[in-house]
Amino acid sequence: MADKIKHLTLSHVVLPLDNPVSDAKVLTGRQKPLTETVLLFAEVSTEDGFEGMGFSYSKRAGGPAQYAHLCEVADTVIGQDPSDIDRIYQSLLWAGASVGRSGTATQAIAALDVALWDLKARRAALPLAKLLGAHRDSCRVYNTSGGFLQASVEEIKEKATASLDSGIGGIKIKVGQPDWQTDLKRVAAMREHLGDIPFMVDANQQWDRARARRMCRALEQYDLIWIEEPLDAWDAVGHADLSHTFDTPIATGEMLTSVTEHMALIDAGYRGIVQPDAPRIGGITPFLRFATLAAHAGLALAPHYAMEIHLHLAAAYPTEPWVEHFEWLNPLFNERIDIHDGRMWLPERAGLGFTLSERMRALTVASADFGKS
């Protein structure tokens with residue numbers, strides 16, 4: 001007889017950052033400094049005693065809405081077979097059909113979708129990457145958290161050195177300031193500091209097409225691994241044009257919230273690096289759907305944020321990916337990822353390989369239970 005989902009706990013968690021950070025969207029006046037990450041956790045258990053954990057997240061806005069939406073539709077999964085992940089996903093979409101199939105609605109579903117994949121891999125006693133079919137046991141890793149714009153050049157140099165000393169293999173810094181000459185000075189200083197270490201920059205959507213072309217041309221000399229989000233995230237044609245024009249690869253996709261939005265890049269002829277974010281695109285189920293299409297199109301992969309999830313998904317991608325290192329979520333988990341020799345290594349533990357910490361429980365501001373305990 002098939003197993004059934006018996007119980008579900010949802011937790012709304014607010015995790016403060018040790019220090020506020022600013023990217024170009026702050027310096028151009030479009031956003032306030034980032035002070036916290038808001039997360040939605042889903043913990044699933046079944047009648048046969050199996051468990052799974054997943055999460056989604058938001059920055060600056062949307063966290064309470066994600067939690068509220070999943071609370072509204074969560075009853076849908078009680079009594080369903082946890083193996084039928086895509087069927088469950090579709091049932092959750094239909095339960096909340098009036099608010100669409102992207103954005104907050106699917107980002108809420110993402111937490112539960114990740115939990116079901118975690119459960120499936122735990123039941124198989126395999127790391128998630130091995131369940132999916134891993135191409136590698138480790139992935140190249142780069143750090144972003146030390147490269148924000150509120151930090152001076154000397155500070156980002158110090159943080160880069162510390163990251164490299166800890167075993168990380170690449171460094172990304174933020175650009176996209178109103179004064180583009182300051183951007184170029186920071187990039188030049190960092191390239192000199194790093195030598196031939198892999199180096200990326202991220203403009204966080206703050207250039208128009210004309211400025212992006214000029215900046216991409218000026219940045220060619222620095223032998224960058226990629227230039228990230230030079231344009232508005234939804235400008236698929238503009239990103240495709242840049243990816244054809246310059247030798248330095250263009251990267252984008254982290255802000256897109258559905259497979260359809262990501263497919264616009266492929267349809268436009270984009271040849272750069274795609275950066276889907278599983279919690280933002282709606283979970284592991286849609287991530288895998290797009291990853292198949294991206295691999296068919298010959299695109300490189302560098303998933304955004306949430307390394308606890310993306311390490312597994314990157315390890316299952318056919319061509320060599322990059323995984324982004326952020327230590328921000330460390331307090332929420334009891335385990336740590338092994339990083340050395342410029343690579344992030346798959347845990348041998350089953351599922352995602354993480355259990356929730358007491359700190360996560362202490363940071364929970366609201367929770368809801370569904371089904372039988």
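Predicted model: local features only at pLDDT ≥ 70, side-chain atom pairs only at ≥ 80, totals over all residues.

Student: Where does Asp 223 lie, and what is noted about its phi?

Tutor: Asp 223 lies in the loop between α8 (209-219) and β7 (226-228). Helices (H or I, at least four residues) and strands (E, at least two) are DSSP runs, numbered from the N terminus. The phi of Asp 223 is near 50°, a positive value in a residue other than glycine. Most residues other than glycine have a negative phi.

Student: Which value of phi does Ala 306 have, and is Ala 306 buried or exposed?

Tutor: Ala 306 has a positive phi of about 40°, although it is not a glycine. Its relative accessible area is 2%, so Ala 306 is buried. Ala 306 is placed in the loop between β10 (300-301) and α13 (307-315).

Student: What makes Phe 41 and Phe 55 an aromatic pair, and how is the pair classed?

Tutor: Rings of Phe, Tyr and Trp (its six-membered ring) pair if their centres lie within 6.5 Å; planes under 30 degrees apart count as stacked, over 60 as edge-to-face and the rest as tilted. By this rule there are 12 aromatic pairs. Phe 41 and Phe 55 are 5.6 Å apart, centre to centre, with 40° between the planes, and form a tilted pair. This pair links distant parts of the chain, with Phe 41 in strand β2 (residues 34-46) and Phe 55 in strand β3 (residues 51-59), 14 residues apart. Phe 41 has a relative accessible area of 0% and is therefore buried; Phe 55, with 0%, is therefore buried.

Student: How is the pair of Phe 41 and Phe 333 described?

Tutor: Phe 41 and Phe 333 have centres 6.2 Å apart and planes at 65°, and the pair is edge-to-face. This pair links Phe 41 in strand β2 with Phe 333 in the loop between β11 and β12 (338-340), 292 residues apart. Phe 333 has 3% relative accessibility and so counts as buried.

Student: How do you know that the charged end of Lys 59 sits over the ring of Phe 326?

Tutor: A charge sits over a ring if NZ of Lys or CZ of Arg is within 6 Å of the ring centre and within 35 degrees of the ring normal. The charged end of Lys 59 is 5.5 Å from the centre of the Phe 326 ring and sits over that ring. Phe 326 also belongs to one aromatic cluster with Tyr 57, Phe 148, Tyr 305 and Trp 328.

Student: Why are strands β4 and β11 said to pair?

Tutor: Two strands pair if DSSP finds at least two bridges between them. Strand β4 (residues 138-143) and β11 have four bridges, in the parallel sense. The bridge partner of Asn 143 in β11 is His 325. Both faces of strand β11 (residues 322-325) are covered: Trp 322 and Glu 324 on one side, and Val 323 and His 325 on the other, are all buried.

Student: What makes Gly 282 buried, and which residues does Gly 282 touch?

Tutor: Gly 282 has 0% relative accessibility and therefore counts as buried. Contact means heavy atoms within 4.5 Å. Leaving aside residues up to four places away in sequence, Gly 282 touches Tyr 89, Thr 106, Ile 109, Ala 110 and Asp 113. Gly 282 is found in the loop between α11 (278-281) and α12 (284-296).

Student: Why is the protein chain called as compact as a globular protein of its length?

Tutor: The radius of gyration is taken over C-alpha atoms, and the globule rule is 2.2 Å times the number of residues to the power 0.38. The protein chain has 14 helices and 14 strands. Its radius of gyration is 20 Å, close to the 21 Å that the rule gives for 373 residues, so the chain is as compact as a globular protein of that length. Buried residues make up 58% of the 373 residues.

Key. Residues numbered from 1 in each chain as written. Heavy atoms only, no water. Buried < 20%, exposed > 50% of the residue type's maximum accessible area, 1.4 Å probe, protein only.
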